[in-house]
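Please look over the chain shown here before reading the notes that go with it.

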Amino acid sequence: MDLYEFGDNEIYVTKIGLGMAALGRPGYINLGHDSDVGKDKSVAAMQQHANKILDLAWQKGIRYFDTARSYGKGEQFLGDWMLANKVSEPEINVGSKWGYTYTADWRTQVDEGEKHEVKEHSLDVLNRQIKESHAALPGHLDLYQIHSATLESGVLENRPVLEQLAELRSQGILMGLSVSGVNQAAVIEKAISIEINGSRLFDSVQATWNLLDQSAGTALQAASDAGLGVIIKEAVANGRLTPANKNHKFMGKMLKLQAVADRYGVGVDAVALAAVMAQPFVDITLSGAAQAEHLVSNLAALTIEWESEPLTILSDFAETPEEYWATRSQLSWN
Ligand SMILES: NC(=O)c1ccc[n+]([C@@H]2O[C@H](COP(=O)([O-])OP(=O)(O)OC[C@H]3O[C@@H](n4cnc5c(N)ncnc54)[C@H](OP(=O)(O)O)[C@@H]3O)[C@@H](O)[C@H]2O)c1
């Protein structure tokens, strides 16, 4: 896979990256996650499974990997795998995130009143998690992102946190944020404008943009124009734009997607990923596949050379952000 500059950041990344959210812990919200990662959910079995997918991703040429403190042992699995395979720093780029603490304690379901992960965008959490991330990914933390920054959390107004991020940036780590939900565009716009000591603070943004939620497009283009690297997550809408989606209400769109997939001799998931990659503002599109055959199927996106007609067919897929995120919030941990 070829390497491309990530925004104006002078690091070079592959167009497809691998996300560790489903690989680092037994519970996640993706459709059918329970069966995706195999029956044995012990730490050893899940690490073995993650290693298999990481080996495959590497062999297929993926050189960007996305993880987070809250992805169970996602950072550790990736760090151990890089160490075992003697992957040196210049060969790979790794992004992680701070701001959520994993609290599920290796369970797929948590008790009522408990949470799988607890959000806190405070200076204390940043200072604790940056040390934990460095320990899990020694010498490999290229990008550190605020995990799901929102306007309401106040993190983008929290001067001590922003100054600490600027300090980390001055030590050579790129700074980013990820965004989710109906207000992604507003958060991105705010983030682009933040300067500390006269320099723009954020080097990258990670957002959801897929055929069903295209609402962040204009803000992402502005981020890209300003020189930020743009990473897209949830490119197949957590499985809704894959054969795993058997919802009969989605059948009309699935048939249209299938027709485009047939035209290019790929699966519907590859069409969804390629539609993301066709956006001019996108640097990296994450695959969230936890099964080998799904990763291979996702990578077929690289073979699509778009003609204008199929892209037009897909252009009316978007739901309103409210509809999209209401459906997304109904996905249950499994
Ligand atoms: N706030 C944030 O910062 C944030 C939020 C969400 C995600 N992320 C990042 O983005 C990455 C990707 O997001 P995601 O995993 O949530 O969403 P996604 O990539 O849209 O969806 C992944 C799901 O699609 C399924 N899938 C893919 N290809 C398939 C195929 N051919 N057939 C059937 N199913 C298929 C996968 O199944 P299998 O698992 O069975 O392969 C998995 O369940 C994450 O790993 C994480 O790194 C970040």
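What follows is a short briefing on this predicted model, with points grouped by topic.

**The chain as a whole**

- The chain holds 12 helices and 14 strands, and its radius of gyration is 19 Å, close to the 20 Å that the globule rule gives for 334 residues, so the chain is as compact as a globular protein of that length.
- Taken along the principal axes, the box that the C-alpha atoms of the chain fill is roughly 50 × 45 × 40 Å.
- Of the 334 residues, 48% count as buried.

**The nonpolar core**

- In soluble globular proteins, nonpolar side chains tend to be buried together.
- The largest nonpolar core of this model has 90 residues, and the members that touch the most other members are Ile 188, Val 205 and Val 271.
- Helix H9, which covers residues 268–277, gives the most to this core, with 8 residues.
- When residues up to four places away in sequence are not counted, Ile 188 touches Val 179, Val 205, Ala 207, Ala 216, Ala 219, Leu 220 and Ala 223.

**Two glutamates with positive phi**

- Glu 10, found in the loop between strand S1 (4–5) and strand S2 (12–13), has a phi near 55 degrees, which is a positive value in a residue other than glycine.
- Glu 10 counts as exposed because it has 8 C-beta neighbours inside 10 Å, and the cut-off for exposed is 12 or fewer.
- Glu 234 likewise has a positive phi, of about 55 degrees, although it is not a glycine, and its place is in the loop between strand S13 (229–233) and helix H8 (251–264).
- Glu 234, however, is buried, because 25 other C-beta atoms lie within 10 Å, and a residue is buried if that number is 20 or more.

**Ser 180 and its surroundings**

- Ser 180 lies in a loop as well, the one between strand S9 (174–178) and helix H6 (184–192).
- Ser 180 counts as partly exposed because it has 19 C-beta neighbours inside 10 Å, a number that falls between the cut-offs for exposed and buried.
- Leaving aside neighbours within four places in sequence, the contacts of Ser 180 are with Ser 148 and Thr 208.
- Although Ser 180 and Lys 233 are 53 residues apart along the chain, their C-alpha atoms are separated by 9.6 Å.

Methods. Residues numbered from 1 in each chain as written. Predicted model: local features only at pLDDT ≥ 70, side-chain atom pairs only at ≥ 80, totals over all residues. Helix = DSSP H or I, 4+ residues; strand = E, 2+ residues; numbered from the N terminus. Contact = placed C-beta atoms within 7 Å. Core = buried A, V, L, I, M, F, W, Y, C linked by C-beta atoms within 7 Å. Rg over C-alpha atoms; globule rule 2.2 N^0.38 Å.
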